Amino acid sequence: MSKLNILEFPDARLRTVANKVKIFDKQLKKLVDDMAETMYHSNNGIGLAATQVNVHKRLLVMDFSEDHSHLLVYINPEITDQSGEQKREEGCLSVPGVYASVKRAEIITVKAQNVDGKSFEEDLDGLHAVCLQHEMDHLDGKLFVDYLSPLKRNMVRKKLEKQRRNAAQEVVF
Ligand code: NI
């Protein structure tokens, strides 16, 4: 397994719309393993979409357990039904250090495939539903900061630029 590099806002590659997964082979399993490894070694990440590691395939992983024992894999996910509304504070591994409330559906029905290509359907609510909607946005090139006002989004951009400048300075001797 290897840890992959996570793209950060405002990287244009995060705007790529991912393609459907058609081949369920060893290479796909390796990608899932690498994405899980990357998520587990990240700072509190509970979800990761392939887009974030610059692989433009409709695939995402999530794990809500504290001991990283419940990896959830959704390939070619589609929301077939949704209802209600919830607002939660969201963060994103591609927008480090930034949190904002986003309005999402409360309950969703999702249809997806597992790593072997087998189809399944699930009803999700609460955090699980929010996370899935957030990760599915990534597959369409969308980020949670897109739901903010242009002014706020610009503040986020500046904050990240400053963070990166400071981080760069830390390694210069
Ligand atoms: Ni994200």
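**Notebook: cores and a nickel site**

I began with the largest nonpolar core, which has 16 residues, and Met35, Leu48, Leu59, Val61 and Ile75 have the most contacts inside it. By nonpolar core I mean buried Ala, Val, Leu, Ile, Met, Phe, Trp, Tyr and Cys residues joined through side-chain atoms within 4.5 Å; buried is under 20% relative accessible area, exposed over 50%, partly exposed in between (1.4 Å probe, protein chains only).

A reminder to myself: this is a predicted model, where local features need pLDDT of at least 70 and side-chain atom pairs count only at pLDDT 80 or more, while totals for chains, interfaces and linings use all residues. Residues are numbered from 1 along each chain as its sequence is written, and side-chain values use heavy atoms, with hydrogens and water left out.

Next I looked up Leu59: leaving aside neighbours within four places in sequence, its contacts (heavy atoms within 4.5 Å) include Leu28, Met35, Ile75 and Leu139. I also found a second, separate core of 15 residues, with Ala18, Ile108, Ala112 and Cys131 among them.

Then the metal. Which protein atoms are donors of the nickel ion? I find Cys92 (SG), His134 (NE2) and His138 (NE2), 2.1 to 2.3 Å from the ion. Donors are N, O and S atoms within 2.8 Å of the metal (3.2 Å for Na, K and Ca); water is not among the atoms, so sites may look incomplete. Along the chain the spacing reads C-x41-H-x3-H.

I noted accessibility too: His134 is buried at 7%, His138 at 1% and Cys92 at 10%.
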